[in-house]
Amino acid sequence: MAENLQTIIAQISEIAAEFNKDIQQTKSRDDTEQVKVKFLSRKGVVQNLFVLLGTLENQDRPRAGAELNRLKNDIQNAIDEKLKSFQTGKRSIELFDPTLPGKEYHIGSFHPLLQVLDEIKDIFVGMGFRIEEGNEIETDYHNFEALNIPPDHPSRDMHDTFYMGGKYLLRTHTSPVQIHTMEQQKPPIRMIAPGKCYRKDTPDASHSPIFNQVEGLCVDKGVSFGDLKGVVQAFAQKMFGKDAKVRFRPSFFPFTEPSAEYDFSCFCKGKGCRVCKNTGWLEISGAGMVDPAVFGFVDYDPQVYSGYAFGMGVERIAMLKYRVNDIRIFYENDVRFLEQF
Ligand code: DAH
């Protein structure tokens, strides 16, 4: 019947309009899948029309069937298209979006003090020194007494530290490693001992309550002050270049006799700068010939052996090398400072 054909054709265009509206409103894959179910599933809108086809007159069926098939294909294509758009949109973000800012990767590096310490070790190992490990928690005996600093000695005033009760304290210098080494080994000895030291010092541009030292000790037959000067001079030139100068000034330490303090020439070449406080020299530490009294504590015969010892402030060396005029900046862990090394 012609009427039936008309109704079906009308329904087809209604469904097409409805589908167009639905598909336009889809905002995700899920939305689209739901529209697909509504129109194309076994009990969906389009299938219901196919069922109605069977009620048409024979001559009307081909036309209605063709229209219906076109509707079904159009819907299928539109849905495929839509699903694909979500897929490609998603992938392109996952794979590569050239408009996104790049990721910044930070490459770490060794702390400047560690770098300087490594260089110091290399230089001394190159001159035949061994590296000894000490303890940051020391006995009063090793930190003071065996270094010829009895309990009432005034030089203890400058070495106030954290006492842990009993005989233990945080070491105030690396010199106690001299004693440990001589207790355990017989001459000849040629060693350096790097490590942290602790003192009750108020922080300022040149003081920190925790700091690093390198101790040096050489004991053998016939060792002289000239050997000490030669080794320190050679170190300075390896570290700072051929022009580096060393100066020894008379001083006093209970564990060396004679004793000296030594300075390295400043990078300002004496013109004057804040690091050297306009003197042209930067104090590094103390040094001297091992006092026979110290040999007495470790059972070395001072008639047979002599030795020299020296200290070295690692921060001082680093300040000189990197032209840093405030020691505190080494411990602040400010990345803007650290990443320059
Ligand atoms: N230990 C001393 C200090 O921290 C430095 C020092 C002086 C070390 C003379 C030595 C030395 O080995 O011989 O003040």
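**Exercise 1.** Is Asp 140 buried or exposed?

*Solution.* This is a predicted model: local features need pLDDT of at least 70, side-chain atom pairs count only at pLDDT 80 or more, and totals for chains, interfaces and linings use all residues. Residues are numbered from 1 along each chain as its sequence is written, and side-chain values use heavy atoms, without hydrogens and water.

Step 1: take the relative accessible area of Asp 140, which is 16%. Step 2: apply the cut-offs: buried is under 20%, exposed is over 50%, and partly exposed lies in between (1.4 Å probe, protein chains only). Step 3: Asp 140 is therefore buried.

**Exercise 2.** Find the residues that Asp 140 touches, leaving out those up to four places away in sequence.

*Solution.* Step 1: go to helix 6, residues 140-143, where Asp 140 sits. Helices are DSSP runs (H or I, at least four residues), numbered from the N terminus. Step 2: look for contacts (heavy atoms within 4.5 Å). Asp 140 touches Glu 145, Arg 156, Tyr 163, Lys 167 and Leu 169.

**Exercise 3.** How do helix 5 and helix 10 lie to each other?

*Solution.* Step 1: locate helix 5 at residues 112-126 and helix 10 at residues 314-322. Step 2: read the angle, about 100°, and the axis separation, 9 Å. Axes are lines fitted to C-alpha atoms over the stretch in contact, and angles run from 0 to 180 degrees between N-to-C directions. Step 3: classify. Under 35 degrees is roughly parallel, over 145 roughly antiparallel, 65 to 115 roughly perpendicular, and the rest oblique. The two helices are therefore roughly perpendicular. Step 4: name contact residues. Among them are Leu 113 and Val 116 of helix 5, and Ile 317 and Tyr 322 of helix 10.
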